[in-house]
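Colleague: I have a chain to look over with you. Please take me through its layout, one question at a time.

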Amino acid sequence: MKTFIIFFLLAIPLIQLSVDLYFLRFLKKFVAKFNYNPSYVRVYKTLTVLFLLTSFGANAFRTFGDFQYNNILIIIYATLGIWYYSKLILLPFFLGFDIFKLSKIIYDKFNKKEEKIPVVEENTNVSRRNFLEGAGIITAGIPFLIVANSTLNTVRNVRVIPVTVPVHNLPAGFEGFTIAQLSDIHFGSFYDSGILNRCILLLDRLNPDILTITGDFVNFNPKEMEDFYTEYKKLKARKGVFACLGNHDHYMSDSERGDLRGIISSGSVLLNNQSAIIENRGDYINIAGVDNSSKGQDFADFPLMLSQKDPMLKSILLCHNPRNWDKYIRGKTDIELTLSGHTHGTQVAIESFGLKLSPAGLIYKQWAGLHSHGNQHLYVNRGLGTVGPPMRIGIPPEITLITLKKAVSHV
Ligand SMILES: [Fe+2]
């Protein structure tokens, strides 16, 4: 596991450096073309070095230091996020421009025409130059404003997403049964309890029958939950809170992992390859949970979990990584509803005007929302906290409110 973490600690600055150098190339050309002040380039280079060192230092401290998540670290991550994520917004346009230019060079090479004498344009029009300079700065500023908004606003703006899930032969006692879902809380990503208090208030209003928490309670350390222990205990539902573990709940020593499980269990029923039964109005269903299985982790024990559930009852499964739905559940078990999280929608998405786009779609087949296959359903929650930069662009934190209803019929 240590090798994996060190790989990430080194890989992240390399990716950041590549992005910075790519943009430096454009900045140099831009400054030269419009005769801007060359100090723009020097400032950019200085910030690049500063942010690279800060990013590496913060990540190393967060991973190996005596972890106490504090506001300074949050501000550092927010600043780094604004610096790098703003560029990610511009990246498709710049790449598009480069691809276009490259295609033109290749085309011209194979379609040689009479050489034209280049016309040297004298850029002496001062007002035109000022206008272009202003326009350039505004255009470059828009992504920074979008990212700043996502850091200061979207990341705290919890929304409730109501979902109705039809279940074949649902027992009458569970008609209208409500399941709230939180996922990927990542307690260490909060600098105050504001977002948690909002969740407590919303859950109080929604008054769900059960609350489920589908893993990634922390980033790397059980201490992250200590500051928010009071709020955690207030996340409640009428018939109980049920939880499973995520990949981040394993990135620690054995004794820390034990501590974390103890803290989680003090506020919810931790279903670690286990199954329990919920009663409602005289009927019963299984509520099961598996430990995490994903790249580098193989802790989910599906046969053990399945052996514990009552085969005569309908089943809800908590399973952090949605990839496991296709791998172990869909068409291979009789589990009607699987609740997952994990993807965070990579914290960047467009989900409006009928569009549903996110880099997460390149990595995960199901990265957010409801997915159905016959009588089996998967819901992927977009997460509450953050990993890496404390920001969410176009994909706010989510409380899901699932209502079960009897499916009319399914052929
Ligand atoms: Fe997560």
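**Fold and domains**

Colleague: What share of contacts between residues at least 6 apart in sequence joins residues at least 24 apart?

Modeller: This is a predicted model: local features need pLDDT of at least 70, side-chain atom pairs count only at pLDDT 80 or more, and totals for chains, interfaces and linings use all residues. Residues are numbered from 1 along each chain as its sequence is written. Two residues are in contact if their C-beta atoms, placed from the backbone, lie within 7 Å. Among contacts between residues at least 6 apart, the share joining residues at least 24 apart is 77%.

Colleague: How many Å separate the C-alpha centres of domain 1 and domain 2?

Modeller: Domain 1 covers 2-112 + 124-152, and domain 2 covers 159-406. The bounds come from an automatic or database domain assignment. The distance between the two C-alpha centres is 34 Å.

Colleague: Which helix gives the most to the side of domain 1 that touches domain 2?

Modeller: Here 17 residues of domain 1 are in contact with 12 residues of domain 2. Helix H2 (39-64), H3 and helix H4 (126-152) each supply at least two residues on the domain 1 side. Helices (H or I, at least four residues) and strands (E, at least two) are DSSP runs, numbered from the N terminus. With seven residues, the top contributor is H3.

Colleague: Where in H3 does a kink lie?

Modeller: H3 spans residues 71-110 and has 40 residues. The bend at a residue is the angle between axes fitted to the seven residues ending there and the seven starting there. The kink is about 45 degrees and comes shortly before the proline Pro92, at Leu90.

Colleague: What percentage of the 411 residues in the chain is buried?

Modeller: A residue is buried if 20 or more other C-beta atoms, placed from the backbone, lie within 10 Å of its own. In H3, the buried residues include Ile76, Leu80 and Trp83. For the chain, the figure is 35%.

Colleague: Why is one side of S1 and of S5 left without a neighbour in the sheet?

Modeller: The open sheet has six strands, ordered S1-S14-S2-S3-S4-S5, with mixed pairing. Strands pair if DSSP finds at least two bridges between them. S1 (159-167) and S5 (269-270) stand at the edges, so each has a single partner strand.

Colleague: Which residue in S4 stands opposite Ile213?

Modeller: S3 (residues 210-214) and S4 (residues 241-244) pair in the parallel sense. Their pairing runs over four bridges. Opposite Ile213 stands Ala243.

Note on methods: Expected span 1.5 Å × (residues − 1). Buried ≥ 20, exposed ≤ 12 C-beta atoms within 10 Å, placed from the backbone.
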